[in-house]
Amino acid sequence: MNLPTNFLKLNIKKKLPLVFAISMLTATAAANKTQDAYQTGHLAMAQQKWSQAQESFATAASDKSLADSATYWQAYVLYQNNRHGEAKLLVKKLLKEYPKSQWADDAQMLLLENGDAEIPVPPMPRMINNTHIVSPPASPSKVKAVPRTSPRPSAHPRPNAVPRPARPPQAPTLDAEMRLFAIQQIMFSNPEKGLKLIKEMLENDEAGASKVHALQLLGMSQDEQAAELLYDLVMDEENEGLKGHAIQMLSMRQDAKSKERLLGLYKNENNRDTKAAIIQGFIHSDDSRTLERLLAKEKDQDLKLQMIHVLGIMGDSNVLTKMYRTQDAVEVKAALLQAMAMSGEAAEVKRVIAQEKLPEIRQQAIHALMMLGDVDGDYLLDLYSKAKSADEKHMISNVMMTSDLPPEMAKKLYQQEQDSDVKRSLLMLMMTSQSSEELAGLFKEEKDPEIKREILQHIGMMQGVDELMSLYKEDPTVAESEGFFMAFGMTDSSEHNDFLLDQFAAGNHHTQQQILEVFMMQGNADPLVALYKEATTKPMKKRILEMLVMTDADRVIEVIEAP
C-alpha cells in the first residue's frame, strides 16, 4: 500500500482514525458477528433455549465492547438452566475483570437472588409501578426469561413482575456536591439552620434533581423537625420513587412516633406502592411482631410475599416456621422456604426436604440449602443418593459447592452418574476441588463430546496449558475435539505459541479460525502480526486484520505499512 508522506509522519495515535477507515469493512464485519450473536442470545433466551442462548452470549463476549454485558447474560441463562456453579464462576469473572462495569451491581444481585452471595445482604427491591418492593422467589416451573430492555428484569421473573428501579440519579456536579457537603456539616453543628436549608432545597427543586440528596440528609438527622419534613413529603410527593425513598428514610428512625405514623399510613393507604415501601422499611427495625400482624390481615398476595421475605431478612425463623405449617399455596410455601433459609432455619428446611411429597416444593427446599451455606457433606451425599429426579441431583450438586464434601467423593459421583446435565453440575463442583491434571484424566474417560468440550474449557479456565499439551502428545487427534484450541484462549499463557502457529499452518479453515480467536482472546498481537505477514490470500489477511484491530489496534499500522 502506498501511503502519502504526510501520513507516514503522523503519530501512531493520530493515524488510528485513518487506519480504522481503511479497515472499516473488516472491523464492521467482526462487530456485526458479535452483535448478531448478542441479539441471537436474547432471542434464544426469550424462547427459553438456555443452552443456545449461553453459546451465543459466549461468542458475543469475545467482543471487548460487549464482554461485560455478554458475560452477565451468560451467567443469567446458566442460572435459568440450573447450572449454578458455572454461572457463579462467570459472575466472579465479571466482577474481577470489570469491577466498574454498569453490570457489576446486576451481577452482585444475580448471585444474591440465586443463593450464591458469599455475604448475605438484603436483596435489591423490585418495582411495583416504580416503587420499591422485595422480589420473592419464584417456583422453577414458572420461571420465564425476559430479554433486557432497561432496566434489567428480575432473575426470577413472575407473570406480574415488573422491572427494577432505574439506576440511582447521577452524582451531583462539583459545585452541587460541595453545597451538599456544606449543608451536611451545618446539620451537625446547627441542626435548625441545616434543616432550613434542606427545606429550601425541597421547595425550590421542582424537577426533583436534588430531592434525593435532601432526603438522604434528612435521614441522617435525629431531629424531630427532620421527621416532620419527611412525613410531609411522604404525604405530598407525587413522584412514587421519591415518596418511597422518603418512607425508607423515615423507617430508619426508631422513635415511636415515626413508627406510629408509618403504621397509620399503611392501614389507611390504598396505593400498593406506598404500602410496599413501608413493608420494605421493616428491614431497619426488629419489630417482626408488628409485621406478622400486618401479614395476617393482608389480602394482597404480592405484599404478603414481600412481608415473608422481609421476615426472613429480619431472621424471625419461629414466625416463618409456624406459618409454613399452615399454608397450602405453593408460591407462599416457596417464599417461606427461602425466607427460612435466610433466617438460618436449617432444621425446618431439612424437615421439608425429608417429608414433602410435591416435587416443586421439595426442589425449592433443596435450593434453599444454598442460602444456608456450609451444609454437611455427609448429609448432601445421603440426599443425593435418595434424589427423586435428575433435577434434584442437579440442584444438590450445586449445593455441594458450599459444603465440605471431600474432593474424591465429587469425582466418584461424577464417574457413576449417567445424566449429562447432572454430570455438568458435578464437573463444576470438581473445578473447586480437583486439579486440572485430574480433569484431564476425566476427559480421557468421558464419551460425551459435549461434556468433553466443557472439560477442556474448564482446564483452560484453570490455566492448565501443560495438561492440554500432555493430552495432545498422548493423542494428537485431541486437536480435532471441539473446544481444544479455544481452551488455550482462556489461559494467559503464550508459552505454546509455536505449537499453535504450527497447527495453524497445518490446519483446515475451521482450525485456523479457532487459533486466530485464541490469540485475540489472549490479547496476543505478535503471532497475529506474524500470521498476517505470511498470509497469501486477501480473505485470510482481512480476517487477521479483524482480530488484530480488536487485539491491539496500534499494531495495524505496523502490518499495513510493512513492505
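Mentor: Happy to! Let's begin with the outward side of α21, where Asp378 and Ser385 are exposed; exposed means over 50% relative accessible area, buried under 20% and partly exposed in between, with a 1.4 Å probe and protein chains only. Please keep in mind that this is a predicted model, in which local features need pLDDT of at least 70 and side-chain atom pairs count only at pLDDT 80 or more, while totals for chains, interfaces and linings use all residues. Residues are numbered from 1 along each chain as its sequence is written, and side-chain values use heavy atoms, with hydrogens and water left out.

Helix α21 spans residues 377-385, and its buried residues are Gly377, Leu380, Leu381, Leu383 and Tyr384. These lie on the same side of α21 because they cover an arc of only 165° around the axis, taken from the directions from the helix axis to the C-beta atoms. An α-helix has 3.6 residues a turn, so residues three or four places apart point the same way.

What do those buried residues meet? They pack against α19 (346-355), α20 (359-372), α22 (390-400), α23 (407-416) and α24 (420-431), a contact being heavy atoms within 4.5 Å. At the start of α21, a side-chain oxygen of Asp376 comes to within 3.2 Å of the backbone nitrogen of Asp378. That pair falls under the polar contact rule: N or O atoms within 3.5 Å, one able to donate a hydrogen and the other to accept it within protein, with residues adjacent in sequence counted only if both atoms are side-chain atoms.

Stepping back, the chain has 33 helices and two strands; these are DSSP runs (H or I, at least four residues, for helices; E, at least two, for strands), numbered from the N terminus. Buried residues make up 52% of its 563 residues.

The largest nonpolar core holds 125 residues, and Ile308, Met400, Ile455, Phe484 and Phe488 touch the most other members. Such a core is a set of buried Ala, Val, Leu, Ile, Met, Phe, Trp, Tyr and Cys residues joined through side-chain atoms within 4.5 Å. Apart from it lies another core, of 25 residues, including Ala53, Tyr72, Ala87 and Leu110.

Ile308 also takes us to α16 (residues 301-314), where it is one of the buried residues. In α16, 10 of the 14 residues are buried, and at its start a side-chain oxygen of Asp300 reaches to within 3.0 Å of the backbone nitrogen of Asp302. Gly315, with a positive phi near 85°, follows α16.
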